[in-house]
Amino acid sequence: MNRRTLMKTSLGTALAITLVQSAGAQEMDAESKASLDTVMAFMSAMGAGDMDKMSALMADDMVWHNEGDTSLPWIGESKGKEAIFKFLGIFSSNLKTTLWENTDAFASGSTVAVFGRMNAIATKTGKETGEFTFALRAKVRDGQVVLWHWFEDSFAVSQAYHG
């Protein structure tokens with residue numbers, strides 16, 4: 001199965017990205033708005049399984065870091081596009097996202113924070129994680145994501161993964 005199919009299967013339409021509707025968006029400075037727009041475009045491309053767009057929005061030296069239970073095969077750090085796409089294949093073959101809702105997002109300069117809730121099914125066991133919260137800290141440079149630092153309730157995810 002190719003990367004595009006794998007990502008669409010895992011994230012596809014179940015990854016219902018709720019774009020930010022910030023009352024204070026008109027007050028945001030240009031750099032902050034551009035950073036927020038880049039991160040939201042990256043999330044949207046990921047949800048659509050658009051690997052070409054994701055790649056275009058990724059800096060060559062991008063770092064993707066997932067915090068959590070290191071017994072899960074996708075927890076840890078990946079550096080560079082090739083390693084990140086490999087990580088995404090591992091992630092998407094192990095966890096099917098059934099809910100993704102961004103509840104809050106804001107940016108300050110090159111830093112973006114996104115908070116939300118998720119639900120997923122571990123493909124290894126077929127068990128559901130139950131709804132859990134996530135937080136993301138991303139950094140943008142020259143219109144590309146350079147850091148994707150992901151925090152989730154890895155206890156819930158680990159319980160579903162390990163059965």
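This is a predicted model: local features need pLDDT of at least 70, side-chain atom pairs count only at pLDDT 80 or more; totals for chains, interfaces and linings use all residues.
## Overall layout

The secondary structure of the protein consists of 5 helices and 6 strands. Going along the sequence, these elements come in the pattern α-α-α-β-β-α-β-β-β-β-α.

The protein has 163 residues, and 47% of them count as buried. If contacts between residues at least 6 apart in sequence are taken, 57% of them join residues at least 24 apart.

## The nonpolar core

In soluble globular proteins, nonpolar side chains tend to be buried together. In this model, the largest nonpolar core holds 42 residues. The members that touch the most other members are V39, F42, W64, W74, V114 and W148. Helix α2, which covers residues 30-48, gives the most to this core, with 7 residues.

What does W148 contact, leaving aside its neighbours within four places in sequence? Its partners are V39, F42, M43, M46, M62, V63, W64, H65, L136, R137 and A138. Two of these partners, F42 and W64, are also listed among the core members with the most contacts to other members.

## Aromatic pairs

The structure holds 11 aromatic pairs. One of them joins F42 and W64, whose rings are tilted, with 6.3 Å from centre to centre and 55° between the planes. F42 belongs to helix α2 and W64 to strand β1 (residues 58-66), so this pair ties together parts that are 22 residues apart in sequence. Are F42 and W64 buried or exposed? Both F42 and W64 are buried.

A second tilted pair is formed by W100 and W150, at 5.4 Å centre to centre and with 50° between the planes. W100 sits in strand β3 and W150 in strand β6, so to speak of the pair is to speak of a link between distant parts of the chain, 50 residues apart. W100 and W150 are both buried. Ring pairs also link F42, W64, W74, F87, F91, W148 and Y161 into a cluster.

## Salt bridges

The structure holds 6 salt bridges. One is formed by D60 and K81, with the closest N and O atoms 3.5 Å apart. This pair links distant parts of the chain, since D60 is in strand β1 and K81 in helix α4, 21 residues apart. D60 is exposed, with a relative accessible area of 63%; the cut-off for this class is over 50%.

Another salt bridge brings together the side chains of E77 and K79, at 3.5 Å from N to O. E77 counts as partly exposed at 45% relative accessibility, whereas K79 is exposed at 58%.

The side chains of R117 and E131 also meet in a salt bridge, at 2.6 Å from N to O. R117 lies in strand β4 and E131 in the loop between β4 and β5, so the pair ties together parts that are 14 residues apart in sequence. R117 counts as partly exposed, at 28% relative accessibility. Salt bridges link E101, R117 and E131 in a network.

## The loop residue G109

G109 is found in the loop between β3 and β4. Why does G109 count as buried? Its relative accessibility is 16%, and buried means under 20%.

Leaving aside neighbours within four places in sequence, G109 is in contact with E31, S32 and S35. G109 and V140 are 31 residues apart in sequence, and their C-alpha atoms are 8.7 Å apart in space.

Helix α5 covers residues 154-162, and its buried residues are S154, A156, V157, S158, A160 and Y161.

Q159 is partly exposed, with a relative accessible area of 47%. Q159 and K127 are 32 residues apart in sequence and 8.5 Å apart in space, C-alpha to C-alpha. Just after α5, G163 takes a positive phi of about 75°.

Notes: Residues are numbered from 1 along each chain as its sequence is written. Side-chain values use heavy atoms; hydrogens and water are left out. A nonpolar core is a set of buried Ala, Val, Leu, Ile, Met, Phe, Trp, Tyr and Cys residues joined through side-chain atoms within 4.5 Å. Buried means under 20% relative accessible area, exposed over 50%, partly exposed in between (1.4 Å probe, protein chains only). Helices (H or I, at least four residues) and strands (E, at least two) are DSSP runs, numbered from the N terminus. Contact means heavy atoms within 4.5 Å. Rings of Phe, Tyr and Trp (its six-membered ring) pair if their centres lie within 6.5 Å; planes under 30 degrees apart count as stacked, over 60 as edge-to-face and the rest as tilted. A salt bridge is a side-chain nitrogen of Lys or Arg within 4 Å of a carboxyl oxygen of Asp or Glu.
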